[in-house]
Amino acid sequence: MKKSRLHYFIFFLLIVFLGITSRKISFIPLWIGDFLYAVMIYALVRIVFVYKKAIHIVLLSLLICYAIEFLQLYQGEWIIEIRKTLFGRYVLGQGFLWSDIFAYTAGILCIFFIEKIIFKYSSYETRFRIKQ
C-alpha cells in the first residue's frame, strides 16, 4: 500500500464525520471526540507532509493539539467571539482540560501505531508476492 494524499484525505473526512457524530450521541464518552480530534489532526498533517517520517508527524500533531488546548486558557475578547461560532467551537474548543491532553496523546499514538502496522504489513505482503 502506497502512501497517498487521497487516502489520507478520505480518512480525514471519515474521522471528521465520526468526531461530529460522537458529539451528537449522548452515550459516547466526551473523550472519544478529543481522541478522534487528535487522529484528525494527524491525518491533516499527514496530508501536507505525506512522505515525512511518522515520528515527525507525531511530534507536529502533538504540538498542534497541545497548542490549541493551551490556547483555550487565553480568554481575549476576539477569540471568545470566534469560539462562539460553530467552526470556532469545533476547532478551538471551549475550555482547557488536562483530560483532553491525555486523549490527544492517546489518539495520536494509537493512529501512529496503526499506521506503522498497516504499512509494515503491506510492505511485507508486497515483498512476499514479488519473491514468489
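The 19 residues of helix α2 should span 27 Å at 1.5 Å a residue, and the 28 Å between its end C-alpha atoms agrees with this, the expected span being 1.5 Å times one less than the number of residues. This is a predicted model, in which local features need pLDDT of at least 70 and side-chain atom pairs count only at pLDDT 80 or more, while totals for chains, interfaces and linings use all residues. Residues are numbered from 1 along each chain as its sequence is written, and side-chain values use heavy atoms, with hydrogens and water left out.

**Overall fold**

- The chain holds six helices and zero strands, and its pattern along the sequence is α-α-α-α-α-α; helices (H or I, at least four residues) and strands (E, at least two) are DSSP runs, numbered from the N terminus.
- Of the 132 residues of the chain, 36% count as buried, where buried means under 20% relative accessible area, exposed over 50%, and partly exposed in between, with a 1.4 Å probe and protein chains only.
- Among contacts (heavy atoms within 4.5 Å) between residues at least 6 apart in sequence, 65% join residues at least 24 apart.

- Helix α2 is mostly covered, with 14 of its 19 residues buried.
- The largest nonpolar core has 26 residues, of which Y37, M40, I41, Y42, V58, C65 and I108 touch the most other members; such a core is a set of buried Ala, Val, Leu, Ile, Met, Phe, Trp, Tyr and Cys residues joined through side-chain atoms within 4.5 Å.
- Two or more residues of this core come from each of α1, α2, α3 and α6, and the largest share, 11 residues, comes from α2.
- Leaving aside residues up to four places away in sequence, I41 touches S61, I64 and C65.

**The largest pocket**

- The largest pocket has a volume of about 680 Å³, a volume being the space filled by probe spheres set on grid points that are joined across faces, edges and corners.
- A pocket is an open set of points, on a 1 Å grid over the protein atoms alone, where a 1.4 Å probe fits, with protein on both sides within 12 Å along at least five of seven lines, and its lining residues have an atom within 4 Å of a point.
- The largest pocket is lined by 30 residues, and R23, D34, Y37, R89 and Y90 lie nearest its centre.
- The elements that give two or more residues to this lining are α1 (5–24), α2 (30–48), α3 (54–71), α5 (86–92) and α6 (98–131), with α2 giving the most, nine residues.
- The lining divides into 17 nonpolar, eight polar and five charged residues, where Ala, Val, Leu, Ile, Met, Phe, Trp, Tyr, Cys and Pro count as nonpolar, Asp, Glu, Lys and Arg as charged, and the others, Gly among them, as polar.

**Individual residues**

- Q72 lies in the loop between α3 and α4 (77–83) and is buried, with a relative accessible area of 4%.
- Not counting residues up to four places away in sequence, Q72 touches R83, L92, G93, Q94, G95 and F96.
- K84, in the loop between α4 and α5, counts as exposed at 56% relative accessibility, and its C-alpha atom is separated by 8.8 Å from that of Q94, 10 residues apart along the chain.
- H56 lies in helix α3 and counts as partly exposed at 44% relative accessibility; H56 and V45, 11 residues apart in sequence, are 9.8 Å apart in space, C-alpha to C-alpha.
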